[in-house]
Amino acid sequence: MKVNIFKTAEEIGVAVARIFVDEVKNNPNCVLGLATGASPIPTYDNIKKLHKEENVSFKGVKTYNLDEYCDLPKSDKNSYYTFMHEQLFNGLDILEENVHFLDGNAVDSEAECKRYDNEINEAGGIDIQLLGIGNNAHIGFNEPAESFTDGSFKVKLTDSTIEANKIYFDENPMPHYALTMGVKQIMAAKKIILIATGPKKAEAIKNMVKGEVTPLVPASVLQEHDDVLIFLDEAAASLL
Ligand code: GLP
């Protein structure tokens with residue numbers, strides 16, 4: 001795990017966007033794993049900027065998002081589908097048929113998860129997976145648990161996650177379930193980049209980097225991947 005510490009979230013966005021855009025330049029048909037939340041927003045802003053400035057096409061790129069809420073219309077302002085289009089896809093020339101999400105409204109969530117996992121495998125696996133981290137060290141929506149999860153699955157969100165994310169929900173109540181990629185599936189990505197900013201993430205970052213590898217700290221599993229870049233601001237890195 002290589003830890004990079006920057007002064008501001010904007011500087012992190014510039015550095016991480018560079019990695020993604022270089023990947024697209026070198027491999028125009030790459031497969032990207034994407035994340036939601038506040039942490040990746042500066043990265044997405046800078047990817048859109050570089051796409052225009054350097055004329056890098058995303059037409060051959062495929063994306064797979066980590067997770068999606070259950071029982072929330074796709075069109076809701078808080079669906080991850082809406083978030084990704086507003087924050088990234090609408091500013092790129094990416095093709096709609098190449099952007100992929102778990103369908104949180106699928107009647108048979110087990111079949112939906114299998115469909116998603118098969119699609120990722122058929123696409124050749126994920127080249128770069130972007131991650132944020134929850135205050136409880138969750139990745140995607142893999143909450144602290146007894147064992148590391150495998151493929152995509154339906155998860156009941158913890159009180160900590162509901163507390164942290166409910167600030168965004170003013171019209172519909174925050175869903176208590178989500179579909180998420182599993183931990184082993186995230187670990188199958190060739191390269192992983194995790195971004196964390198702000199003091200609320202400091203404890204999770206300390207446990208992820210310095211603690212034992214345990215499913216009670218889901219992000220700690222990243223210690224076992226051989227190509228992980230961690231991008232932190234000083235507040236998130238303050239307990240290292
Ligand atoms: C949600 C997402 C995670 C994300 C986390 C942190 O729970 N499912 O993928 O990493 O929020 O979000 P933020 O970056 O807003 O702190």
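## What covers helix H7

In this predicted model, strand E9 (191-196) and strand E10 (228-233) are among the elements covering the buried residues of helix H7. Those buried residues, within a helix that spans residues 202-210, are Ala202, Ala204, Ile205 and Met208. Around the helix axis they take up an arc of only 160°, which places them on the same side of H7.

## Strand E9, covered on both faces

Let's turn to one of the covering strands. How many of the six residues of E9 are buried? Six of the six are, so E9 is largely enclosed by the rest of the structure.

You can follow this face by face. Lys191, Ile193 and Ile195 are buried on one side of E9, and Ile192, Leu194 and Ala196 are buried on the other. In other words, both faces of the strand are covered.

## Neighbours in the sheet

E9 pairs with strand E6 (residues 128-131) through four bridges, and the two run parallel. If you want a landmark for this pairing, look for leucine 131, which stands opposite leucine 194 in E9.

E9 is also joined to E10, here by five bridges, again in a parallel arrangement. Across this pair, isoleucine 193 stands opposite leucine 229 in E10. The chain gets from E9 to E10 by way of H7, making a β-α-β crossover that is right-handed.

Terms used: Residues are numbered from 1 along each chain as its sequence is written. This is a predicted model: local features need pLDDT of at least 70, side-chain atom pairs count only at pLDDT 80 or more; totals for chains, interfaces and linings use all residues. Side-chain values use heavy atoms; hydrogens and water are left out. Buried means under 20% relative accessible area, exposed over 50%, partly exposed in between (1.4 Å probe, protein chains only). The arc is that of the directions from the helix axis to the C-beta atoms. Contact means heavy atoms within 4.5 Å. Two strands pair if DSSP finds at least two bridges between them. A crossover is right-handed if, with the strands pointing away from the viewer, the path from the first strand over the helix to the second runs clockwise.
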